[in-house]
Amino acid sequence: MEHAAEAVTVVVIGAGQAGLSVAYYLRRFELVAGEDFVILDRTDRPGGAWAHRWESLKLGTAHRVHDLPGMEQLGVSFDTADRSRPAREVVTDYYDRYERHFELDVRRPVHVRSVANRGVELAVRYDDLRPREQEERPQRGLFGRWSRRADDREVLREAPTGEIVTRFLVNATGTWGAPFVPYYPGMSDFAGRHVHTSDFRSAEEFRGQQVVVVGGGTSAIGFMLELESVAAGLTWVSRRPIDWIDSEDLDLEGASAAVAMQDEAARAGRALPSIVSGTGVPRSRRIAAGIDRGLLVARPMFERIERAGVRWADGDFAFADTIIWATGFRPELRHLSPLKLREKAGGVSVGQGASWADPRVFLAGYGPQASTIGANRAGRMIARQIMALL
């Protein structure tokens, strides 16, 4: 079943920090949500990627979450939020209030299939997942034994499809929907579970297990600290040496070298480098204690995966019931493939938030705008450019 096509001036895909920031400034320019612009979000509740993070993750242990523009009007701030509550609950609560206060009329859950040329305009094709649920089936990932809990099953729907024709598109889909797992020989032979950061729910799932954690960022470190008193054995491996810095917090905006690398790659159309590779990892008191007791000491990357664990080039072996891949994400841009924006170098050429290949397309939260404060600045910049083109 198809909805009749509608036409608006702007379509925003994604209602995370970047999408809501753009929407806020469009409202400041007196555009009306639902009439002049539409926000489509695939999640079933506010919060963006934060709504899907594990329950034990608190605001005090995650990267700093900056307030959205205009949030002071609601009388709330992430700086004064209750840090004993799960981060996902706080962000979902605040974003929900934000959407209602500024009348952003987010449509969810709506899955955007593709964006294609339609003459001088763009056609956004989507599945409307709101009406009803049908049968369920377990979702299979990259490997036959890729972890999925029973209550995380993919819900299949007889989803109505629709189309929106628009003059401008703001892509604010972030990265959560595109988990990255590097290939290593023997992955499909592993008898245990492969679990990515996006699938992690609770340390209790791994009680009594031998666990290998892969990754050199804050997620991997957080998993190690949570699993220390739960797992029967822990092994931490990283593809690069950990660059510890003496700081309690990681200020992404202040890490000018990392931001510059992201900006350079985005302008050149190259694949974006890891933020952590340019910022280092802050050695907070909690992390320093973990280093001192020998927990947070990363081994170099193993060479291959075997049925019962992982093996290094020198023949050393570690048993594993589960391998947790805290190896990051990539920008989620598959739905934009009909526009042929991707360069031979592997990325999309973006400058000041705009695609250099198609001036009708803006990418919010991409590259140097990935931090929350960067996304806020991008929202103002992108909204101004759109209004200048109207």
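Mentor: Helices (H or I, at least four residues) and strands (E, at least two) are DSSP runs, numbered from the N terminus. Our model is predicted: local features need pLDDT of at least 70, side-chain atom pairs count only at pLDDT 80 or more, and totals for chains, interfaces and linings use all residues. Residues are numbered from 1 along each chain as its sequence is written, and side-chain values use heavy atoms, without hydrogens and water.

Trainee: Where is Pro 109?

Mentor: Start with its peptide bond: from Arg 108 to Pro 109 the bond is cis, with omega near -10 degrees. Pro 109 lies in the loop between α2 (87–101) and β3 (110–118).

Trainee: How many bridges join β1 to β7?

Mentor: Strands pair if DSSP finds at least two bridges between them. β1 (residues 6–13) runs parallel to β2 (residues 37–40), joined by four bridges. β1 also runs parallel to β7 (residues 161–171), and the bridges joining these two number seven.

Trainee: Which residue in β7 is the bridge partner of Ile 13?

Mentor: Look at both neighbours of Ile 13. In β2, it stands opposite Leu 40. In β7, its bridge partner is Asn 171.

Trainee: Is Glu 30 buried or exposed?

Mentor: Glu 30 sits in the loop between α1 and β2. Its phi is near 70 degrees, a positive value in a residue other than glycine. Buried means under 20% relative accessible area, exposed over 50%, partly exposed in between (1.4 Å probe, protein chains only). With a relative accessible area of 68%, Glu 30 is exposed.

Trainee: What is the relative accessible area of Asp 105?

Mentor: Asp 105 belongs to the loop between α2 and β3. It has a positive phi of about 50 degrees, although it is not a glycine. Asp 105 is partly exposed, and its relative accessible area is 48%.
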